Amino acid sequence: MVVLTNQDAAGASGAIAKGIASLLLASDDPATPEKLTQARKIFEGLQHGTIDRPLFTDNANFYFNEQALKDFAGSLGPLGIPEEFIQVRQELRGGMKLRMYTIKFPKTELSAWTYEMPDGKLEQYQIAAQD
């Protein structure tokens, strides 16, 4: 999708693209509401330095060690409760289901994404600041 505006300095093109994408790329996957709730709960857990380990593969559990959980709590905890947490996209990738989320706070916006194995366990849960 391409959105053109006549001013580079404004974030209008990104906002318009996100709004259109969420409408055009909506999922008809019946698991989407449940997975959205799961992703939000995982995020809230990371804000407090915890995760629900049975949701993750052994590889992901290895990544979420004590130091990683402290780092997540230190960086995500101060953000508080998100104003919005929405799924913006999903697709199959490498035998896994990729789900992408936007998490909005008053002063910042984050992207989060999960890679879900065929058995339902999460191989990855990643978070990054949006550009």
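User: Before we start, which residues count as nonpolar, which as charged and which as polar?
Analyst: Ala, Val, Leu, Ile, Met, Phe, Trp, Tyr, Cys and Pro count as nonpolar, while Asp, Glu, Lys and Arg count as charged, and the others, Gly among them, count as polar. Please also keep in mind that this is a predicted model.

User: OK, how many helices and strands are there in the chain?
Analyst: The protein chain holds four helices and four strands, and along the sequence they follow the pattern α-α-α-α-β-β-β-β. The C-alpha trace spans about 50 × 35 × 20 Å along its principal axes.

User: And what share of the residues is buried?
Analyst: Of the 131 residues in the protein chain, 32% are buried.

User: Let's look at helix 2. What should its span be, and what are its end C-alpha atoms apart by?
Analyst: Helix 2 covers residues 32-47, and because each of its 16 residues is taken at 1.5 Å, the helix should span 22 Å. The end C-alpha atoms are 22 Å apart, in agreement with that expectation. Just after helix 2, glycine 49 takes a positive phi of about 80°.

User: Which residues of helix 2 are buried?
Analyst: The buried residues of helix 2 are Thr32, Lys35, Gln38, Ala39, Ile42, Phe43, Gly45, Leu46 and Gln47.

User: What do those buried residues pack against?
Analyst: They pack against helix 4 (66-76) and also against strand 1 (84-93), strand 2 (96-104), strand 3 (109-116) and strand 4 (122-129).

User: You list a lysine there. Why does lysine 35 count as buried?
Analyst: Lysine 35, which is found in helix 2, has a relative accessibility of 11%, and therefore counts as buried, since the cut-off for buried is under 20%. The side chain of lysine 35 makes a polar contact of 3.3 Å with the side chain of glutamate 116. Leaving out residues up to four places away in sequence, lysine 35 touches Arg99, Tyr101, Glu116 and Gly120.

User: Changing topic, how many cavities of 30 Å³ or more are there?
Analyst: The structure holds one cavity of 30 Å³ or more, and the volume of the largest cavity is about 30 Å³.

User: Which residues line the largest cavity?
Analyst: The lining is made of Lys35, Gln38, Ala39, Arg99, Tyr101, Thr114, Glu116 and Leu122. By the grouping we began with, the lining divides into three nonpolar, two polar and three charged residues.

User: Which element gives the most to that lining?
Analyst: Helix 2 gives the most to the lining of the largest cavity, with three residues. Helix 2, strand 2 and strand 3 each supply at least two of the lining residues.

User: Back to the end of helix 2. Why does glutamine 47 count as buried?
Analyst: Glutamine 47 sits in helix 2 and counts as buried because its relative accessibility is 9%. A polar atom of the glutamine 47 side chain lies 3.0 Å from the backbone oxygen of leucine 76. Apart from neighbours within four places in sequence, glutamine 47 is in contact with Ala73, Leu76, Gly77, Leu79, Gly80 and Phe105.

User: Now the strands. Is leucine 98 buried or exposed?
Analyst: Leucine 98, which is found in strand 2, is buried, with a relative accessible area of 2%. When residues up to four places away in sequence are not counted, leucine 98 touches Arg89, Gln90, Glu91, Trp113, Thr114 and Tyr115. Leucine 98 is also 25 residues from glutamate 123 in sequence, with their C-alpha atoms 10 Å apart in space.

User: Gln90 is in that list. Where is glutamine 90 found?
Analyst: Glutamine 90 is found in strand 1, and because its relative accessibility is 22%, glutamine 90 counts as partly exposed.

User: And what polar contact joins the side chains of glutamine 90 and aspartate 29?
Analyst: A polar contact of 3.2 Å joins those side chains of glutamine 90 and aspartate 29, and a further one, of 2.8 Å, joins the side chains of glutamine 90 and glutamine 87. From arginine 53, glutamine 90 is 37 residues apart in sequence and 23 Å apart in space, C-alpha to C-alpha.

Notes
Residues are numbered from 1 along each chain as its sequence is written. This is a predicted model: local features need pLDDT of at least 70, side-chain atom pairs count only at pLDDT 80 or more; totals for chains, interfaces and linings use all residues. Side-chain values use heavy atoms; hydrogens and water are left out. The expected span of a helix is 1.5 Å times one less than its number of residues. Buried means under 20% relative accessible area, exposed over 50%, partly exposed in between (1.4 Å probe, protein chains only). Contact means heavy atoms within 4.5 Å. On a 1 Å grid over the protein atoms alone, a cavity is a set of points where a 1.4 Å probe fits but cannot get out, and a pocket is an open set with protein on both sides within 12 Å along at least five of seven lines; lining residues have an atom within 4 Å of a point. Grid points are joined across faces, edges and corners, and a volume is the space filled by probe spheres set on the points. A polar contact is a pair of N or O atoms within 3.5 Å; within protein, one must be able to donate a hydrogen and the other to accept it, and residues adjacent in sequence count only if both atoms are side-chain atoms.
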